[in-house]
Amino acid sequence: MIAIGLESSANKIGVGIILHPDDGSTPQVLANVRHTYVTPPGEGFLPKDTARHHRAWAVKLVKKALREARITPKDVDCICFTKGPGMGAPLQSAAITARMLSLLWGKQLVGVNHCVGHIEMGRLITGSTNPVVLYVSGGNTQVIAYSSQRYRIFGETLDIAVGNCLDRFARTLCISNDPAPGYNIEQLAKKGKKLVDLPYTVKGMDISMSGILAAIDGLAVQYGLDGEWNDAEEEAASDDSESAKPTRADLCFSLQETVYSMLVEITERAMAHVGSKEVLIVGGVGCNERLQEMMGIMARDRGGTVHATDERYCIDNGIMIAQAGLLAYKSGSTTPLKDSTCTQRFRTDEVFVKWRD
Amino acid sequence: MSPPLLDTIHLSHLPPSMPVHVALYRDVQNAPYLRQQLMSANADFEYAFIDASTVLSRTHLLSAVFRAVNDYMNGRLKSRNVHSEIVFSLSPATNIAESFRKFGITDATKDLLVVKVSVTPEITHESVAAHLGQHVEGTPVPFDDETLSTISDIAKIKKAYKLGALNTAPPNQANGTHDAGMRRLELSVLGAIALRGAT
Amino acid sequence: MTLITQGAEAHLYKTTFLSPSIPAALKIRPSKPYRHPILDRRLTRQRVLQEARCLARLVREGVNVPGVLGVDWDLNSVHSLKGVEKGEKGVGAGAWILMEWIPGCVVRVVISRWEKYLSSRSHSQGNGSVQAEKEEEEAKILALLRRVGAAVGILHKAGVVHGDLTTSNLILRGTGADADAEEEWKDGQEPNLEGDVVLIDFGLASQSIQDEDRAVDLYVLERAFGSTHPRTEPLFGEVLEGYRASYRGSGSVLKRLEDVRMRGRKRSMLG
């Protein structure tokens, strides 16, 4: 069976095509294409502009995916789209495209929970069977474990998502949003040495980010590091490691060290709670190599392993929607046209996971 | 002079090579002399000299010794040596001079606890017993809870640990017996010793 | 020194304090090599101290919790309690709290024994004369549940919320020779339901007098109760009754608990 998946919940629009061979062998990714709406440094993406970008790219990407997959609409069994969660206006792009294709091609629709999409794609790519999942992206921060037909949320952020925290700090420092603000923070953090004191807020298995963002933004302003870059000044500051004044790199380094420690800590707590030794990191922030490294050290200490995927699958994409949608479709779930809406709020644990034991 | 009843104790979690020697005296006659040796830093008198009325029980004293030796082994002494640190460790406050005023020997001390830790192999039960027998003029008594209970000044101890409000002796009350009250006082004191200097 | 439990944060051992005749619980927080050493030291120190301070304060207030016997909040300590026993220097083995050992049985085990005892009885009997006996037995478990509620109430009254209340974090303090009789229980034997309820594991505790925090504490206990003791869950009301009677101000907390329940705390953590 073949499914096409459409994703547009944030600033990326993606189309993916997956094949589940009839003989039950490993699913194959036939196509996975994507386009990102990149804003200038210092600016975030606004829903209206993002949606306009997605509308402009939707048809182009579907055509490209079909071409890459070397299939025609006839070969497609179902059309999967992100139902939520995400930003309202961008979400609608994929939903409308999916509805149009459904009517055009006469194929059934499957609405997919974005988070479940990440989890299922992660499980497929890494082959980890029953991991504790850390889902970290611009809009979500959750620690999840599977139990009797649900992906249950053990811990989550009480305010903003970790990716949002990083993105907003990138804006404060006027770091480029190309290819992604988080990626550029990671590169800058590699040059950081000094750890500045930031709030560390873990409450049981939940975390809070807003205090950390306020604190690091405050430090950036205090040391005059916000706004436009002055390369010469940055160079001079990094040469002078004795100086009490942190550099931009130090701030990025400190932010990463603090926030990722919190994430690893709550993941470890969930692992101890459910007695699992496997961790799967999904979501855009999951590409971060320092986060993967820290998680790896923790998992090894517990005699376990960490699984992560690269940017093709970590960052929002269409193939994960196709994968999760096809699993649901094969277990008999479809979404009637009249219910094929999208929603900004859609909790991971609302999905009845029929396809797992 | 009667032979001292010197108790030599191996504390849990401390190296077996470092036993602790404790002697308890009543009716001490030469407290000013002993205190003078401390003041002049006479190396032969490197002891913890403690006014026994400030000590509730064996556990109370030994937990201060435990803290001092643990800090000693971690290179964290705040005072001159492990013996002065034992007196300091009895105190819930971080002021060393004050800890000596409250818990250390004074010229008026009649009931005296002496502690010596075998920080070097030359310090043995025999050497400590001999030296104390020679220099402390007082009646050696057993270092046990029964004896200490007749010596300790509960009001003074509560004041030193700022536990004045603690209800320690409510016999026949819902909250328990005199024993339970004393147990609570002891645990409160142990907590204060353990947490001294925590910021 | 015997390992009792190994959680994500800490390892708990049974050991001794000062002399082999004084049992003690040792909670070691090992260094976490995944995090930056400066952050690691800061957090470990903060948490060890937070827990020890909470316990010490509660002991002074007369709340039934284990007393603090010793603390080392410095991860850099070279003298580790664990190392000495093994005859080695355990560098960086962790910061620790040495606590009073509470003899007895965790309430989780007590209740599950009671549930088993009850079901073994209901199989073997069924005539009317047993009714009075049955009520007498039920009175005992109800009294225990009220004592659990009262213990939580007294804790809250002292200005502390536990943060992780489960029936595994409550010990029914044993008395006498068979105080530590965890293993010596035969299936179907009537378990002891007498004794003080002692609260343990304050690793997530904090100071608070907010109705919200107190209500969440109760809610977490209620959820844990439901998932661990489904058969006894209908009696959870007794816990709340014991709580209500334990201090002034419990009324508004119980009211708040209804809101917290409605909200469902967003998530299903114990599922």
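**Briefing: domains, chains and annotated sites**

Between the two domains of chain A, 21 residues of domain 1 of chain A are in contact with 27 residues of domain 2 of chain A (contact: C-beta atoms, placed from the backbone, within 7 Å). The structure is a predicted model, in which local features need pLDDT of at least 70, side-chain atom pairs count only at pLDDT 80 or more, and totals for chains, interfaces and linings use all residues. Residues are numbered from 1 along each chain as its sequence is written, while chains are lettered from A and ligands numbered from 1 in the order in which they are written.

**Domains of chain A**
- Domain 1 of chain A comprises 2-123 + 315-350 and domain 2 comprises 130-312, with bounds from an automatic or database domain assignment.
- The centres of the two domains, taken over C-alpha atoms, are separated by 27 Å.
- On the side of domain 1 of chain A that touches domain 2, helix α3 (residues 114-126) gives the most, with six residues (helices are DSSP runs of H or I, at least four residues, and strands runs of E, at least two, numbered from the N terminus).
- That side of domain 1 of chain A consists of eight nonpolar, nine polar and four charged residues; Ala, Val, Leu, Ile, Met, Phe, Trp, Tyr, Cys and Pro count as nonpolar, Asp, Glu, Lys and Arg as charged, and the others, Gly among them, as polar.

**Helix α4 of chain A**
- Helix α4 (residues 162-172) of chain A is largely enclosed by the rest of the structure, because nine of its eleven residues are buried (buried: 20 or more other C-beta atoms within 10 Å of the residue's own; exposed: 12 or fewer; partly exposed in between).
- The buried residues of α4(A) include D167(A), F169(A) and T172(A).
- These buried residues pack against β6 (132-136), β7 (141-147), α5 (181-189), α6 (210-222) and α8 (248-274) of chain A.

**Annotated positions in chain A**
- Under "binding site", an unreviewed UniProt entry lists Y135(A), V136(A), S137(A), G138(A), G139(A), D167(A), G182(A), E186(A) and N288(A); such annotations may be inferred rather than shown by experiment, feature names are shortened, and positions follow the numbering used here.
- G138(A) lies in the loop between β6 and β7 of chain A and counts as buried, because it has 30 C-beta neighbours inside 10 Å.
- Leaving aside residues up to four places away in sequence, G138(A) touches A10(A), A161(A), G163(A), N164(A), D167(A) and G284(A).
- G182(A) belongs to helix α5 of chain A and counts as buried, because it has 25 C-beta neighbours inside 10 Å.
- With residues up to four places away in sequence again left out, G182(A) touches G163(A), L166(A), D167(A), G284(A), V285(A) and N288(A).

**Chain B**
- Chain B has eight helices and five strands, following the pattern β-β-α-β-α-α-α-β-α-β-α-α-α along the sequence.
- The radius of gyration of chain B is 16 Å, close to the 16 Å that the globule rule gives for 199 residues, so chain B is as compact as a globular protein of that length (taken over C-alpha atoms; the rule is 2.2 Å times the number of residues to the power 0.38).
- Buried residues account for 44% of the 199 residues in chain B.

**Chain interfaces**
- Of the two pairs of chains in contact, chains B and C share the most contacts.
- In that pair, 24 residues of chain B are in contact with 25 residues of chain C.
- On the side of chain B that touches chain C, α2 (58-73) and α8 (178-195) of chain B are the elements that give two or more residues.
- Between chains C and A, 16 residues of chain C are in contact with 20 residues of chain A.
- Chain A and chain B do not touch, and their nearest C-alpha atoms are 17 Å apart.
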